[in-house]
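Please have a look at the structure before I go on.

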Amino acid sequence: MDILIFSRNRPLQLHGLLLSIQDKVTHCSHITVLHRYDGEYSPALEEIKTQFPGVDFQEDDDFKDQVLGFLGNGPECGFFLVDDDIFRRPIDLRLCENVLARDQNILTFSLRMGLHLNYCYTRGRKQAIPRGQERDGLFTWKWRGAQSDWGYPFSVDGHVFRKRQLLEWCKDLSFGKPNRLESNMQVIKKRPGIPDLCVSGIEAYILNIPLNRVQNEFKNKHENVGADKLLSQWNSGLEIDIDAVEAVVNTSCHFPIDLPFRNRHEDKHI
């Protein structure tokens, strides 16, 4: 299975995400980081490239074409991530592939949903956990009519899709940035024949830590930690302590916390 990560001026968070993939994700075929970094953030990105030589770093120069290329090539399944995601639980990606392969009525395997998510951070309100079926450590529910995050299967952070299927749905959409891609993907819900079911773990596999906004197109909710402050943490030799993040039990997909730090080591790589 392939992963496509969108990254913009967040070297500290990107590094933490890549570390968490290295630590907790198995049977990943290929990781691509599609990035756009301003000058002061570029040296940190170059340092990350040396620490993760197995990752394909691509500069964002034709966003839609690069996204469609990801969907049209390689393994059958794949998913998007944003750079302020982090894996908090181990996952064998063959589990997701097997779930999607055996039931065409399942739209997506959600790595971000879990039965502890009773609050929607982006809307600032509680969300009811939908009725569904628990079996073998997984939860299956109907996303149509579900509240907030439970009814939002077309996101760019941690929803595993059949790539050719998603390509067919996305190829005629207009988008040039990750937020516009996610926004315009919502029209897919109106297409006939879209599967009704989603599957997740009982507990979420990933967590999004919304510390800052790095684009001006959407006024999305975020905390007020400046990208320059996080860059200074990186430049002082720190990294996100992914082991400490593992202990966080989030009540929302997007869950702001004070980032735990530790001294950075140079011998980690994928």
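D61 counts as exposed, because its relative accessibility is 66% and the cut-off for that class is over 50%. Please keep in mind that this is a predicted model. D61 sits in the loop that runs between β4 (56-59) and α3 (63-72), and together with E59, D62 and D65 it makes up a negative surface patch.

Let me turn to helix α1, residues 11-24, which has 14 residues and spans 20 Å from its first C-alpha to its last, close to the 20 Å expected at 1.5 Å a residue. Twelve of those 14 residues are buried, so α1 is largely enclosed by the rest of the structure; among the buried ones are L17, L18, L19 and K24.

In one of them the side chains of D23 and K24 meet at 2.9 Å, N to O, and while D23 is partly exposed at 46% relative accessible area, K24 is buried at 3%.

How far apart in sequence are the parts that R264 and E47 tie together? Their side chains meet in a salt bridge at 3.2 Å, N to O, and because R264 lies in the segment after β17 (261-263) and E47 in helix α2, the pair ties together parts 217 residues apart. R264 is buried, at 14% relative accessibility, whereas E47 is partly exposed, at 24%.

Finally, E239 and R262 form a salt bridge with their closest N and O atoms 2.7 Å apart, linking strand β16 with strand β17. Both residues are buried, and they belong to a salt-bridge network that also includes D241 and D243.

How values were computed. Residues are numbered from 1 along each chain as its sequence is written. This is a predicted model: local features need pLDDT of at least 70, side-chain atom pairs count only at pLDDT 80 or more; totals for chains, interfaces and linings use all residues. Side-chain values use heavy atoms; hydrogens and water are left out. Patches are made of residues with over 30% relative accessible area and no salt bridge: like charges are joined within 9 Å, nonpolar side chains (Val, Leu, Ile, Met, Phe, Trp, Tyr) within 5 Å. Accessible areas come from the Shrake-Rupley method with a 1.4 Å probe; for residues, only the protein chains shown count as cover. A salt bridge is a side-chain nitrogen of Lys or Arg within 4 Å of a carboxyl oxygen of Asp or Glu. Lys and Arg count as positive and Asp and Glu as negative; His and the chain ends are not counted. The place of a charge is taken as NZ of Lys, CZ of Arg, CG of Asp or CD of Glu. Helices (H or I, at least four residues) and strands (E, at least two) are DSSP runs, numbered from the N terminus. Buried means under 20% relative accessible area, exposed over 50%, partly exposed in between (1.4 Å probe, protein chains only). The expected span of a helix is 1.5 Å times one less than its number of residues.
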